[in-house]
Amino acid sequence: MRYVCSICGYVYDEEVEGTPFAALPDTWTCPLCGAAKSAFAPEPPREEAPGPRQARAAAEPAAGAFGWEDKRPEAPGDLTELPAGVVAAICSNLARGCEKQYLAEEAALFGELAAYFTARADAAATLPAPDGGASAATDALTALAAHLQRDLDEGYPALHRAAIAAGDRGTQRICVWGEKVTRALASLAERYRREGPAMLASARIWVCSVCGFTFVGERPPALCPVCKVPDWKFDEIRGRA
């Protein structure tokens, strides 16, 4: 039996390794990208490629699949307020996207927004938790894991179907990369929930500056498992003093 990592594609072949996948400890991680054991799935059997008609039918989204066909917001109160940290990450990604398009002015403006919301997030993080912080941290980790799983179960599939239907190859690539990065983050959240702060006690954290893939280890991978850029494209994330 062969098991495939859903993030980097590494294949664990039981016949070659000599150990059943089920016998591996829960703390075992992918030797290539560091994903948790739960990120692996049995290799699917090979199937014949579908004909043009079947492929087109599979790409067409179901009615109401994306939400906006079903209900249009009627008032500002229907909008979801994002945490400052999330807005900071979005603005930072937009800034990098503008840099790649040589839009220096726009990149600078998005950078200012990212810095502003980062400061807001840092200020919120310094507020004392009512129970000493342990319960709040656990709740935050649980909420984060739920958000990541919802993106994997609902968000990316819907966006991918919409991109295929529109013939938007750029968004299709974003979906492929984004889903893998999200799976990597979900895997890290699972590891942290299992191992606790000891997981990061003496670890170094690396983030790919191109796709956002996050790796915990002494050195980043030689090639990013998601976008295949070399290791010098990784930035080390250091904790605040």
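Two strands pair if DSSP finds at least two bridges between them, and helices (H or I, at least four residues) and strands (E, at least two) are DSSP runs, numbered from the N terminus. The model shown in these views is predicted, so that local features need pLDDT of at least 70, side-chain atom pairs count only at pLDDT 80 or more, and totals for chains, interfaces and linings use all residues. Residues are numbered from 1 along each chain as its sequence is written, and side-chain values use heavy atoms, with hydrogens and water left out.

**View 1. An open sheet of 3 strands, in the order β5-β4-β6, with antiparallel pairing.** The edge strands, each of which pairs on one side only, are β5 (214–216) and β6 (234–237). From one strand to the next the twist averages 30°, where axes are lines fitted to C-alpha atoms, for helices over the stretch in contact, and angles run from 0 to 180 degrees between N-to-C directions.

**View 2. Strand β4 (residues 205–208) and its partners.** Strand β4 is joined to β6 by 4 antiparallel bridges, in which Ile-205 has Ile-237 as its bridge partner and Val-207 has Asp-235. Towards β5, which runs antiparallel to β4, there are 3 bridges, and Trp-206 stands opposite Phe-215. The hairpin of β4 and β5 has 5 residues between the strands, and Gly-212 in its turn has a positive phi of about 95°.

**View 3. An aromatic cluster formed by Tyr-3, Tyr-10, Tyr-12, Phe-21, Trp-28 and Phe-40.** Rings of Phe, Tyr and Trp (its six-membered ring) pair if their centres lie within 6.5 Å, and planes under 30 degrees apart count as stacked, over 60 as edge-to-face and the rest as tilted. By this rule there are 9 aromatic pairs, including the edge-to-face pair of Phe-21 and Trp-28, at 5.9 Å centre to centre with 85° between the planes; both residues are buried.

View 4. A disulfide is a pair of cysteine sulfur atoms within 2.5 Å, and a search of the whole structure finds 0 of them. The sulfur of Cys-8 is too far for a bond, because the closest cysteine sulfur, in Cys-30, is 3.6 Å away. Cys-8 is buried, at 12% relative accessible area, and Cys-30 also counts as buried, at 3%.

Methods:
Buried means under 20% relative accessible area, exposed over 50%, partly exposed in between (1.4 Å probe, protein chains only).
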